[in-house]
Amino acid sequence: NIDLLLSFDGKSFAFTALVGGGVKRMLVKCGGPNPSRYTFPKAKNIICYSLENYKWFLENLKSSNVLMMSNRVSRPFQDSRKIEKIKSGTSKKKLLRICRIDGTYDWTVLQSARLARSLSNHDEVTFIFVGITRDSQRFLDLENSVRAIHNDVLFFTSEEYTKNAASLIDCADYVVGTGRGFMEAASLGKVMFCPVRNAELPTFVDSQNFDEVFSTNFSGRSFFNHEELEKSIDRFLSVKREICKEIEYRDWMIENFKLFFSSEKITDKIEEFFCNTEQEKINLYDKIIGLLRMYAFIYVPKKTKTC
């Protein structure tokens, strides 16, 4: 027998309305911008990964049972053999960005290259990129753009490095991270930067701005003005000048991981939430809406995103 139907998008959740009563339903919002209150399914039980979404649901779906679950990451295994191979390519400080090349995160790679160039004014930095690319022309264009910004760069796009790429994080001194990647690097106490959509450079993440970038799940949707970004770089340089400050920073980042991101902290909380999940009454209206949403998801053409 099915006790709970767990959905990770509106399409699958709409389908669950057609199942009928007697089964509990739960919708997981895996980050991203806040939805429209007029089109998002009126789910009774919701799990969300970002503070931004959590606050939105509390305000707009007040009758729903909502759980904030940022704790979903474990400390990744580190592949010392591959890490040493990467390190052998440069003796300089290393700035790492891990992401796929498909148009979604290309802008974060360019930001990372600019950051490497900026940091090299104070201490020579090699930019290391690791990521899957399925479009050779897109990657070639991006590679040329990166080298035009900062030519001291190493690209690792073969499956040897992209499979379980999180196992390579320890090759870096500094990491530009988003979402889960940020959290995994935090577990290793890395000096962290987060992309900022309205800026030329990522922001250095410390106690002054952690809550802001955390609220949007380290997605790059946070906004900082030019003065705030300059101050963050100044704080980074202050940390790097004194070994005691850097050690203190790295310990602080690990503590944030344990408190906010580590999956070890969430097991009991999830079990309790699942046990307290409320069963919904599904009437004819719900089923009609479910059918309409299914039709919209399947047959209405989607606009292609461009970056």
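1. Helix H7 (179-187) supplies the largest share of the lining of the largest pocket, 6 residues. Strand S5 (93-98) and strand S8 (174-176) also give at least two residues each. Helices (H or I, at least four residues) and strands (E, at least two) are DSSP runs, numbered from the N terminus.

2. This is a predicted model, in which local features need pLDDT of at least 70 and side-chain atom pairs pLDDT 80 or more, while totals for chains, interfaces and linings use all residues. Residues are numbered from 1 along each chain as its sequence is written, and side-chain values use heavy atoms, with hydrogens and water left out.

3. The largest pocket holds about 1200 Å³ of space. A pocket here is an open set of points on a 1 Å grid over the protein atoms alone, where a 1.4 Å probe fits, with protein on both sides within 12 Å along at least five of seven lines; lining residues have an atom within 4 Å of a point. The volume is the space filled by probe spheres set on the points, which are joined across faces, edges and corners.

4. Of the 43 lining residues, Arg97, Arg100, Thr104, Tyr105 and Thr178 lie nearest the centre of the largest pocket.

5. An open sheet of 6 strands with mixed pairing has the order S7-S6-S5-S8-S9-S10. Its edge strands, S7 (153-156) and S10 (203-204), each pair on one side only. Two strands pair if DSSP finds at least two bridges between them.

6. S6 (residues 125-130) pairs with S7 in the parallel sense over 4 bridges. Phenylalanine 129 has phenylalanine 155 in S7 as its bridge partner.
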